[in-house]
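Here is my note on the model you sent. Please read it with the structure open.

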Amino acid sequence: EVQLVESGGGSVQAGGSLRLSCVASGYPYSNYAANCMAWFREVPGKEREGVAAIYTGGGTALYADSVKGRFTLSQDNGKNAVHLQLDSLTPEDTGTYYCAADRWVASGGRCYIAREDYNDWGQGTQVTVSS
């Protein structure tokens with residue numbers, strides 16, 4: 001059974017930082033270390049928005065324009081584990097953050113932050129930024 005376990009999140013003031021982590025386990029992730037993993041976020045009444053994605057086989061992270069330069073997505077080498085560092089947070093970053101994973105990888109080892117590209121999802125972790 002696939003499990004995506006998220007940790008981190010919480011409440012901070014604007015300008016603060018948080019770190020989110022996600023580990024994927026179960027088949028196929030326990031057998032294959034090279035997959036796409038990503039973070040999305042959602043606020044009530046809005047579509048789930050892609051934040052960042054990375055190829056765990058070794059690749060450069062892709063970011064949404066709204067977080068570029070403030071968020072950093074990294075991976076643990078050889079593992080389906082990723083970490084999202086959230087810096088310079090603003091109240092607009094408030095939402096439920098979801099980890100996602102999928103075996104499908106675009107040519108050249110590219111992963112995108114499109115919701116339809118991911119079949120496996122975590123339960124979500126709340127991030128609240130106060131002004």
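The points below cover the basis, the sheet, the salt bridges and a surface patch.

1. Basis. This is a predicted model, so local features need pLDDT of at least 70 and side-chain atom pairs count only at pLDDT 80 or more, while totals for chains, interfaces and linings use all residues. Residues are numbered from 1 along each chain as its sequence is written, and side-chain values use heavy atoms, with hydrogens and water left out.

2. Sheet. Four strands form an open sheet in the order β1-β3-β8-β7, with antiparallel pairing. β1 (3-8) and β7 (71-75) are the edge strands, each pairing on one side only. Neighbouring strands of this sheet are turned by 15° against each other on average, direction ignored. Strands here are DSSP runs of E of at least two residues, numbered from the N terminus. Two of them pair if DSSP finds at least two bridges between them. Axes are lines fitted to C-alpha atoms, and angles run from 0 to 180 degrees between N-to-C directions.

3. The β1 pairing. β1 and strand β3 (residues 18-25) run antiparallel and are joined by six bridges. G8 stands opposite L20 in β3.

4. Salt bridges. The whole structure has five (a side-chain nitrogen of Lys or Arg within 4 Å of a carboxyl oxygen of Asp or Glu). In one of them, R41 meets E49, with the closest N and O atoms 2.8 Å apart. R41 is buried, at 7% relative accessible area. E49 is partly exposed, at 31%. The cut-offs are under 20% for buried, over 50% for exposed and in between for partly exposed (1.4 Å probe, protein chains only).

5. The D93 links. D93 also forms a salt bridge with R41 (2.9 Å, N to O). D93 lies in the loop between β8 (81-86) and β9 (95-102) and R41 in strand β4 (residues 36-42), so this pair ties together parts 52 residues apart in sequence. Both D93 and R41 are buried. R70 and D93 form another salt bridge, at 2.7 Å, N to O. R70 lies in the loop between β6 and β7, so its pairing with D93 ties together parts 23 residues apart in sequence. R70 and D93 are both buried. Through shared partners, salt bridges join R41, E49, R70 and D93 into one network.

6. Surface patch. L62, W104 and Y112 make a nonpolar patch of about 290 Å². Patch residues have over 30% relative accessible area and no salt bridge; nonpolar side chains (Val, Leu, Ile, Met, Phe, Trp, Tyr) are joined within 5 Å, like charges within 9 Å. Areas come from the Shrake-Rupley method with a 1.4 Å probe. L62 is in strand β6 (residues 62-63) and is partly exposed, at 35% relative accessible area.
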